[in-house]
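The following exercises concern a single predicted protein model. Work through each task with the sequence and coordinates at hand, then compare with the solution.

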Amino acid sequence: MFSVKSVVDQAPVLSLALTVQLLSSASLPALANDVDSALKISQATAAKAVTTKASTVGLPLKKPAGSDAKQVSAEAMLSDLRDTRLSLNQLKQQAINLFLETTRITMTVNDAPVEQSPTAISLSMLDANKKYQAPRKEWLVLYVNTLEPIVHLLCEDIKDVDTNGHSVSKTIEARVNPLWDKWRDAVLSINKSLDEVQGALPVGDDEESANSNIVIAKAALNMFQKAEELEKVRYQAALILIEEYKKDAAAKSTSAVPATVVK
């Protein structure tokens with residue numbers, strides 16, 4: 001529920017692997033000239049990195065019946081929520097990277113050098129009338145393939161919960177269900193935007209590629225904004241869980257105290 005299990009462990013490894021691949025691209029002329037080659041190599045790396053964690057992709061999920069449905073411990077649930085925050089931060093960073101890559105302008109002597117990249121992006125930063133440089137294919141592939149396993153596991157989590165339930169008490173479920181609807185909508189919107197980015201990846205020369213700038217930048221903006229919405233939902237869910245787990249612990253503690261016998 002509201003979780004991306006193990007992605008926090010995968011993302012740094014995947015990013016490192018793809019970075020090494022990118023740094024070695026000088027010895028691979030085909031990578032610079034043929035985005036299909038870059039996609040195949042990067043996708044193979046991404047697939048290898050997540051194979052052990054996402055081996056159930058495409059398999060039907062059975063809904064546990066009766067006593068077979070076990071509740072997840074408070075510690076495990078809250079730890080998953082913490083890990084999800086780290087994964088959402090990764091998602092936002094890659095959305096920023098995509099946006100910055102597609103809004104690069106040609107620098108002149110009259111432009112002040114920027115000392116650091118922004119930590120947030122907004123529509124006001126996008127000017128459809130500006131002449132942006134064509135996005136570099138290798139960098140787009142790197143960012144997309146870092147995003148893919150995160151978004152994939154977010155979608156798998158939705159399938160799992162919709163099939164098997166939240167693995168929490170009925171009281172908690174009643175409180176988190178409205179949040180779950182918001183979570184599902186935001187995740188599906190991010191997945192759609194990622195598809196738009198993949199569909200707009202440059203395939204021709206610089207002039208042909210220039211038309212993809214605005215499409216990719218807007219998709220990146222949506223992914224960033226939806227990831228921020230997800231973080232708000234995640235935080236609200238964590239507060240609800242903490243409150244309910246404390247209530248449950250207090251109730252169990254009270255019931256465990258033996259009654260005092262008055263003589």
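**Exercise 1.** Determine whether tryptophan 139 is buried, partly exposed or exposed, and characterise its ring pair with tyrosine 143.

*Solution.*
Step 1. The relative accessible area of tryptophan 139 is 30%, so the residue is partly exposed; the class boundaries are under 20% for buried and over 50% for exposed, with partly exposed in between (1.4 Å probe, protein chains only).
Step 2. Tyrosine 143, at 11% relative accessibility, counts as buried.
Step 3. Both residues belong to helix α5, four residues apart, which is about one turn of the helix. Helices (H or I, at least four residues) and strands (E, at least two) are DSSP runs, numbered from the N terminus.
Step 4. The ring centres of tryptophan 139 and tyrosine 143 are 6.0 Å apart and the planes make 35 degrees, a tilted pair. Rings of Phe, Tyr and Trp (its six-membered ring) pair if their centres lie within 6.5 Å; planes under 30 degrees apart are stacked, over 60 edge-to-face, and the rest tilted.

The model is a prediction: local features require pLDDT of at least 70, side-chain atom pairs count only at pLDDT 80 or more, and totals for chains, interfaces and linings use all residues. Residues are numbered from 1 along each chain as its sequence is written, and side-chain values use heavy atoms, with hydrogens and water left out.

**Exercise 2.** Which geometry does the ring pair of phenylalanine 2 and tryptophan 180 adopt, and which parts of the chain does the pair link?

*Solution.*
Step 1. The structure holds three aromatic pairs.
Step 2. For phenylalanine 2 and tryptophan 180, the centres are 5.3 Å apart and the planes stand at 75 degrees, so the arrangement is edge-to-face.
Step 3. Phenylalanine 2 lies in the segment before α1 (7–23) and tryptophan 180 in helix α6, 178 residues apart, so that the pair links distant parts of the chain.
Step 4. Both residues are buried: phenylalanine 2 has a relative accessible area of 0%, and tryptophan 180 one of 3%.
Step 5. Ring pairs join Phe2, Trp180 and Trp183 into a cluster.
Step 6. The C-alpha atom of phenylalanine 2 is 8.0 Å from that of aspartate 80, 78 residues apart along the chain. Aspartate 80 is part of helix α4 (residues 74–102) and counts as buried at 18% relative accessibility.

**Exercise 3.** Describe the packing of α5 against α6 by crossing angle, handedness and residue classes.

*Solution.*
Step 1. The axes of helix α5 (residues 137–164) and helix α6 (residues 170–199) come within 10 Å and cross at roughly 145 degrees. Axes are lines fitted to C-alpha atoms, for helices over the stretch in contact, and angles run from 0 to 180 degrees between N-to-C directions.
Step 2. The crossing of α5 and α6 is left-handed, meaning that the near helix is turned anticlockwise from the far one by less than a right angle.
Step 3. Residues of α5 including Leu147, Val151 and Ile158 take part in the contact, and α6 contributes, among others, Trp180, Trp183 and Val187; contact means heavy atoms within 4.5 Å.
Step 4. By class, the contact of α5 with α6 has 13 nonpolar, two polar and four charged residues. Ala, Val, Leu, Ile, Met, Phe, Trp, Tyr, Cys and Pro count as nonpolar, Asp, Glu, Lys and Arg as charged, and the others, Gly among them, as polar.

**Exercise 4.** Where is glutamate 244 found, and is this residue buried or exposed?

*Solution.*
Step 1. Helix α8 (residues 212–256) contains glutamate 244.
Step 2. Its relative accessibility is 10%, so glutamate 244 counts as buried.
Step 3. Leaving aside neighbours within four places in sequence, glutamate 244 is in contact with Thr171, Ile172 and Arg175.
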